[in-house]
Amino acid sequence: MHESFLAYRKFFYLKLGLGLIVLSIGAYALHDPPHGPNGGTWLGYTLGTIGASLILWLLWYGIRKRQYHSKLGQVSGWLSGHVYLGSALLVVATLHCGFKFGWNVHTLSYVLMIMVIVSGAYGIFTYVRYPTLLTDNKGGMAIDAMLSEIGDLDRQCLQVATEMGDKAHQMILRSIERTSFGTTSWRDALGGVSKGLEDLGREIKSIAGDAEPLGPLPAAVPQLGGEATVFFVADQLAGFRDGARAALGHRLLDLVTSKKALVIRVQRDIVYRKLLKSWLSLHLPLSIALLAALAVHVVTVFFYW
Amino acid sequence: MRCLLRAVVRKSRGVVSHQDRGFEGDHLTIGRSTDQDLYLPDLRVALHHATVVAGPGRFVIQSAVPSGIRHNDEPVQSAFLAVGDQVGIGDHRITVRPPEGGHDLVLEIAQVRADPGQEVEKRVASASGTGPEKGLRLGVRGWSWILSMTILTLFFVVPLVAHQWEAMQGFLRGVIPGVSDHAWSTGGLTEGHRYFSDDCNKCHERAFVSVRASACTECHKDQPHHFDVERFKVPALVDKQCAACHKEHGGAPALTRQDEGLCLDCHRDMKETAADSKLLDIEGGFAEDHPEFRATFVTHVGGKDQSERIEMDRPEVLKERSNLFFPHKTHLDKTGVQGPDGKAVVLGCASCHVPEPGGRLMAPIRFEQHCHRCHQLAFEIDDPEREVPHGHVGRVLDDLKAYYGLRTLERSDIDTGEPDVLSRRRPGRQATPPERSEGLERAARRARQAGKELFEYRACAKCHQVDEKAQSVFGWDIVPVRIARTWYPLARFDHGRHATVACADCHAFRPADCAPSTLQRGVADPEKGAADCIKRVADSEKSEDVLITGIATCRECHGDPGARDRVQSTCISCHGFHLSPKFAMDGRVRTQAGDLAPPRQAAVPSADRTDLPTGQAPRGQ
């Protein structure tokens, strides 16, 4: 039976994390230093030491998960601790500073830590949510199979379209050329929306027989399987009188529709996989930045003691 | 244009051969139709797909269909052709080669046996970021390096270099404090220290060494020590660095310890701390554990002024011996008192009691300022403007004698029924010695009579206690007035900060028979209590009444630290520290003359212990 890293050893690390939180809050509540709570009291130093050690241990996870021959426990155990103790760090570090913030390198470390924890929390969310969606989306079909299926459908479409005439051929050709997936970055995604709308307008004009020539094709426009193509084929169908051409048209419409469905699934797969990974590209650089800020924080506190 | 079309033919086992074909014409057509100049047999190529034409100095490829062509993997409608360019149409790849053999354009045509599915797969790979990285995009590793190195450089390396190089230090602190050592500051300084807040090294003299006491005593050297450090051995307050208790960078509350613990350590058991101390033990906070206030009286015993402290809850003995008669009741009569011109004047507290400059204490009452207008010191009914001086007993009789002597000489003496000794004198004749002595005697007699009236009945005795048996030259003396300057000299009460409170809220008195228990906090209803037992100042008939209430009144508004419904008050809200009249913070001893001298012996504890080797001046000097 598969055991989620969240439930590792009957939530051992969750209990450990909660214990740490309760202990910290209890000590903080009982502690009444003469000058108010801050990082310089005995509890402040204690919580600070615990917090800094935790950060180093949490960072070590990045090394441990690559050490395939390590005997230091299972990686899923490490991940479980990484998640729960990392969340507990939020409380430990906040109580360490005694809610004293300012425009300085110390608060910079705190803010970076918060960002790392929040991005990590989003990571947990994606790990809980997207693998299921990915599996459901694939429906037992491998992405490779879907892609070669799309290729097959493209070929069949072209054959049918060739029989239907040059205009239909051009239309299908264009649809194939413009089948593209995903977004390379948020910038492309945002740019793609406006570009895509503009292009759709042109396409509609072209279908309407407008003489205006088509401009250069935009790069990587997310187009889910070519709605325009479906419209075009449906439109053609309406005009077909003789049985043979109508049958061809029906066949083309079927092919285009199944391709569209497949493209949507591939596209979703890409988006899910991208979301599953993207939080890491925030979590990791911020973690390393936190390590640098933490080092500066610790050294400077004692530099001007 | 003259064009060479070179078809690449792949044979088995990877052998490649070329088939060259020349072409001459205005333009080169490309398509799936057999009438095209360049025939590409692929379903994904349109019948007429594109045309190559000669432009000015270069060739242009133009798509004839909406799906366009791929120029160097970019989908376009038209493109200029340069050597090395690749044009993709369907599964064919056309590469522009360097011109050769008199041809303007050499095109190499190869069929890429690409499955349409594979091509899609390629696009999927690039879309999901699993393909090769594009251009200059930074990966996770790159961003990690950039972020961490930026933080290290800006907030550590640059300030650290500046720490070794003063010119740079000054520049950074002044112009870009964010990357100077100011970025290390955990918080702002207290008001008094802000004027040097730019210079961290004023206090932080050496790296990795906590702030020395010497940094503090550089300015605070004359500050009285916490207490008599010879008598009380409290290492925590003598041997430790100032910064152990006085924390900076945390705002005003952090700079001085506000907690009661510091005081209670010694004041919880005063017998233990100092067996001969008259201070009372205090168990805890102000709201519950502070003992009842004690009023301080100045008494005169054996020729010396002494102070005596009496608990406010002992009204039977709480009596001030001021040697002055002043009934507040008479003066605060609602209908007024008789003024100098005979009209009624209504007096209030502020008629006499005004704050000192600064507003903390009330200014002392002065006869000339507050009493004289009504209480004039005239002694002759027919000469009411003439008064004796106040406050100078010795001069009063002299003044009277001189006055009456002059009047006798001027024969303007009032009618006393006695024969006029000098009136018989003939003009131009000097008075005879018997006449003169009789005149003087008469003047002295008149002066003594007026003095007796003044001292014993009219003026002096009205307010002052007159000592009739005094050994002064004329038999009277005024017993010195001893009014407490403040009832609670060991507390720092500020009238100015209580300006919104009515005088009568704190100033009242308890007659000798008033039971003290009603004044305990939580029991007393201020309204009821006043009606029951406590009396208003305006009801005080005797000057011995102590017109101030005790701790219960303060507790109406002041509570312990942490109290939600009271002003949070700790020991140092009212009481001072650093009060030693003898020792200064740097260990010097105050001499009789008031100067500070070096300690008599090396054993005198001093907070001024620095680890700085001699001769090494701290930074920032």
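A residue is called buried if 20 or more other C-beta atoms lie within 10 Å of its own, exposed if 12 or fewer do, and partly exposed in between, with C-beta atoms placed from the backbone. This is a predicted model, where local features need pLDDT of at least 70 and side-chain atom pairs count only at pLDDT 80 or more, while totals for chains, interfaces and linings use all residues. Residues are numbered from 1 along each chain as its sequence is written, and chains are lettered from A and ligands numbered from 1 in the order in which they are written.

**View 1. Strand β2 of chain B lies largely in the open.** Strands (E, at least two residues) and helices (H or I, at least four) are DSSP runs numbered from the N terminus. Look for Ala7(B), opposite Gln19(B) in β2(B).

**View 2. Here is an open sheet of 5 strands in chain B.** The order runs β4-β3-β5-β6-β9, with mixed pairing. At the edges sit β4 (38-39) and β9 (78-81), each pairing on one side only. Strand β6(B), residues 59-63, pairs with β9(B) in the antiparallel sense over 4 bridges, and Ile61(B) stands opposite Ala79(B).

**View 3. Helices α2 and α3 of chain A cross each other.** The axes of α2(A), residues 42-64, and α3(A), residues 75-97, come within 9 Å and cross at roughly 150°. Axes are lines fitted to C-alpha atoms over the stretch in contact, with angles running from 0 to 180 degrees between N-to-C directions. Angles over 145 degrees count as roughly antiparallel, and so these two helices are roughly antiparallel to each other. Residues making the contact include Leu47(A) and Leu54(A) of α2(A), plus Trp78(A) and Leu85(A) of α3(A).

**View 4. Asp560 of chain B sits in a loop.** That loop runs between β21 (558-559) and β22 (567-568). Asp560(B) counts as partly exposed because it has 17 C-beta neighbours inside 10 Å. Ala287(B) is 273 residues away along the chain, yet the C-alpha atoms of Asp560(B) and Ala287(B) are separated by 5.6 Å. Leaving aside neighbours within four places in sequence, Asp560(B) is in contact (C-beta atoms within 7 Å) with Gly285(B), Phe286(B) and Ala287(B).

Methods. Pairing = 2+ DSSP bridges. Contact = placed C-beta atoms within 7 Å. Parallel < 35°, antiparallel > 145°, perpendicular 65-115°, else oblique.
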